[in-house]
Amino acid sequence: MPANTAAWINAAHARLEVGPAPYMAPGEDEIVIRNHAVAVNPLDWIIQVAGTLTYRWLKYPTVLGSDVAGEVAEVGQAVTRFRVGDRVIGHAVGTDKDSNRAAEGGFQLYTIVLERMACPIPDTMSFEDAAVLPLATSTASCALFQADQLGLRLPSPDPEPTGQTVLVWGGSTSVGSNAIQLAVAAGYQVVTTASPRNFDYVRSLGAAQAFDYNSPSVVPDIIGALQGRTLAGAIAIGSTSAPLCVRIAGACSGNRFVSIATPPVSFDVLADGNRGPFELPRLILRLVASNVALQFSSRLRGVRMKYIWGTTLKANQVSTAIYRDFLPGALASGRYVAAPKPSVFGHGVHDFQRAMDIQLKGVSAAKVVVSLP
Ligand SMILES: NC(=O)c1ccc[n+]([C@@H]2O[C@H](COP(=O)([O-])OP(=O)(O)OC[C@H]3O[C@@H](n4cnc5c(N)ncnc54)[C@H](OP(=O)(O)O)[C@@H]3O)[C@@H](O)[C@H]2O)c1
């Protein structure tokens, strides 16, 4: 059995600690990946700083981390698509309620991943580049393609234009970078928001128009741009995005539906350096109040909305549509790029806490990645 090492979170709010971890064999429909690069997401520090306010089912000690890239070390009995040694990415779902086990966390050398949530990566793509993809691709796919969200047409190599437009609020985020590419690959036109320094970046991913989300006129500007077009729906990414997307969708014709990636309140106020004694009750109050206001605003405007849970695709056909049918060919042909670019902030399991702290401080069109030689 290979020796495994993990960055453990031993209790709610605890800092990560490196220690030995068991090597676990895969189940029937699972593979084990020897990770060579692992990306860090806001979700990782949100779980750490929010403790039992989110993910209250988590059994500690556990291992965080969703985005792994590496080589297949072992395959389950029912797996035919992968062989030992294949270069792959995988979306690790260990913090989900129905998984809830350390062996499926990304912040370690060996991670168990569902076969349908893994995808081969081209020989020309580095593990660090590839590691930026899984959670962001999954989250964007849940929003765009699940029947209970926007329910859009699936992506394909040569999509027929639908004549419809998707609003991706937060196009320079990791989730947004993938949402733009997926929507374009499904035949939709994309209107997005970003800071002006990232306009060229979001256009390079296929967005037709970009707007500055900090501009005081951003809502009327986007409503103006969408006049005469048919909205296929909106995906709201970033803490200010949901109420603004509801206002825009309410003024458009078409599918007045907002898929929400980010609640209207940021959890970063709970981070150690920021936290005062009343920070938690204040955050809960703001969460409740902002959600009530959002419900009210959406009903008033005839807009439907739903929060996204970025792993729900594992239980429906969207996982296979993306990870088996679309992404392998799209990555190999270069039609789909690993975006945003990785910023490698560490070279071992001991660097995950530092990498999480860096992601908490904020990034711009970049993904924090730790390599594991
Ligand atoms: N619901 C789920 O299942 C799920 C899954 C994954 C992520 N998320 C959430 O989705 C959000 C994005 O995650 P991520 O990993 O993609 O983030 P990220 O890449 O770390 O986000 C960084 C980007 O955020 C942009 N940004 C900051 N404030 C913004 C705002 N108010 N509106 C639009 N963009 C803004 C910045 O754009 P500029 O530099 O251009 O200013 C920056 O490029 C987070 O809130 C995360 O918690 C939810």
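Author: In the largest nonpolar core, which has 110 residues, Ile31, Phe107, Leu144, Leu327 and Phe352 touch the most other members. A nonpolar core here is a set of buried Ala, Val, Leu, Ile, Met, Phe, Trp, Tyr and Cys residues joined through side-chain atoms within 4.5 Å, and buried means under 20% relative accessible area, exposed over 50%, and partly exposed in between, with a 1.4 Å probe and protein chains only. This is a predicted model, in which local features need pLDDT of at least 70 and side-chain atom pairs count only at pLDDT 80 or more, while totals for chains, interfaces and linings use all residues. Residues are numbered from 1 along each chain as its sequence is written, and side-chain values use heavy atoms, with hydrogens and water left out.

Reader: Which residues does Leu144 touch, not counting those up to four places away in sequence?
Author: Leu144 touches Leu150, Gly151, Leu152, Val166, Ala179, Leu182 and Ala183, where contact means heavy atoms within 4.5 Å. There is also a second, separate core of 25 residues, with Val219, Ile223, Ala234 and Ile260 among them.

Reader: Now the ligand: which residues come nearest?
Author: Ser172, Ser195, Tyr213, Gly310 and Ser364 come nearest, out of the 26 residues around the ligand, each with a heavy atom within 4 Å of it.

Reader: Switching topic, is Thr193 buried or exposed?
Author: Thr193 counts as buried because its relative accessibility is 0%. Setting aside residues up to four places away in sequence, Thr193 touches Val168, Trp169, Gly170, Gly171, Ser172, Phe211, Tyr213, Val218 and Ile222.

Reader: What about Ser253, how exposed is that one?
Author: Ser253 is partly exposed, because its relative accessible area is 46%. Leaving aside neighbours within four places in sequence, Ser253 is in contact with Arg229, Thr230 and Leu231, and although Ser253 and Leu231 are 22 residues apart in sequence, they are 6.0 Å apart in space, C-alpha to C-alpha.
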